[in-house]
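Let us take a friendly walk through a protein chain. Please keep the sequence and the model side by side as you read.

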Amino acid sequence: GGVSGGFVSAMGPSCRIVSGMCVLAEHLDLEAEVERADVVITGEGSYDAQTSSGKVCSYVQALGAKHATPVAVLCGVSKLDAEANRVGNVLQMVDHFERTRCMEEAAQCLEEMVARHRDVLLALPRSPPTPTPS
């Protein structure tokens with residue numbers, strides 16, 4: 001639908017829509033990088049239920065699960081409850097910084113969060129890999 005649907009209509013049947021994340025992941029060999037990593041940190045401005053349906057975070061989390069690599073999500077704000085954040089390794093900047101600072105100095109806040117939580121992030125346990133369908 002939307003722009004992509006219009007583009008396919010204009011370009012004809014030989015045009016196909018593909019996930020930008022899949023193209024990027026293939027180009028970066030992201031799956032191999034996740035498999036080799038001790039921990040993966042990904043991010044999202046606002047983390048909510050929609051994040052699990054096709055956004056970068058969900059793709060990275062799925063790769064982490066597939067290879068038993070722990071994944072942490074650093075976000076500006078999470079709309080999930082505290083237990084879901086804990087289980088999903090979600091850390092939100094607004095728990096540590098004023099909202100205005102999070103918006104104006106996001107990179108600095110992220111660096112400080114990683115430094116504060118370094119030991120916790122590195123100690124995230126590996127879980128059994130998620131089986132892939134045959």
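The paragraphs below go from the whole chain to one helix, and then to a few residues and a pocket.

This is a predicted model, in which local features need pLDDT of at least 70 and side-chain atom pairs count only at pLDDT 80 or more, while totals for chains, interfaces and linings use all residues. Residues are numbered from 1 along each chain as its sequence is written, and side-chain values use heavy atoms, with hydrogens and water left out.

Let us begin with the whole chain. It has seven helices and three strands; these are DSSP runs numbered from the N terminus, with helices (H or I) of at least four residues and strands (E) of at least two. Starting at the N terminus, the order of the elements is α-α-α-β-α-β-α-β-α-α. The C-alpha trace spans about 50 × 40 × 25 Å along its principal axes. Of the 134 residues, 31% count as buried. Here buried means under 20% relative accessible area, exposed means over 50%, and partly exposed lies in between, using a 1.4 Å probe and protein chains only.

Now turn to helix H4, residues 56-67. The expected span of a helix is 1.5 Å times one less than its number of residues. With twelve residues, H4 should therefore span 16 Å, and its end C-alpha atoms are 17 Å apart, which agrees. Which residues of H4 are buried? They are Cys57, Ser58, Val60, Leu63, Gly64 and His67. An α-helix has 3.6 residues a turn, so residues three or four places apart point the same way. The buried residues of H4 pack against helix H3 (30-36), strand E1 (40-47) and strand E2 (71-78).

Two residues let you see this packing in detail. Thr42 lies in strand E1 and counts as buried because its relative accessibility is 11%. Beyond its neighbours within four places in sequence, Thr42 is in contact with Val56, Cys57, Val60, Val71, Ala72, Val73 and Leu74. His67, in helix H4, is buried with a relative accessible area of 16%. Leaving aside neighbours within four places in sequence, His67 is in contact with Glu31, Glu35, Arg126 and Pro129.

What happens just after H4? There Ala68 takes a positive phi of about 60°, although Ala68 is not a glycine. Most residues other than glycine have a negative phi, and most peptide bonds are trans. Ala68 is in the loop between H4 and E2, and its relative accessible area of 8% makes it buried. Asn89 is another residue other than glycine with a positive phi, near 55°. Asn89 sits in the loop between helix H5 (82-87) and E3 and is partly exposed, with a relative accessible area of 25%.

A pocket is found on a 1 Å grid over the protein atoms alone, as an open set of points with protein on both sides within 12 Å along at least five of seven lines; its lining residues have an atom within 4 Å of a point. About 210 Å³ of space lies in the largest pocket, where grid points are joined across faces, edges and corners and the volume is the space filled by probe spheres set on the points. The lining has 13 residues, and the closest to the centre are Thr69, Pro70, Val71, Asn89 and Ser127. H4 gives the largest share of the lining, three residues.

Next, consider His96, in the loop between strand E3 (90-92) and helix H6 (99-104). With a relative accessible area of 28%, His96 is partly exposed. His96 and Arg116 are 20 residues apart in sequence, yet 9.9 Å apart in space, C-alpha to C-alpha. Apart from neighbours within four places in sequence, His96 is in contact with Met113, Arg116 and His117.

Finally, how many disulfides does a search of the whole structure find? It finds zero, taking a disulfide as a pair of cysteine sulfur atoms within 2.5 Å. For Cys22, the nearest cysteine sulfur is that of Cys57, 15 Å away. For Cys102, the nearest is that of Cys109, 4.8 Å away. Cys102 counts as buried because its relative accessibility is 5%, while Cys22, at 36%, counts as partly exposed.

How values were computed: Contact = heavy atoms within 4.5 Å. 1 Å grid on protein atoms, 1.4 Å probe; cavity = no way out; pocket = protein on both sides within 12 Å on 5 of 7 lines; lining within 4 Å.
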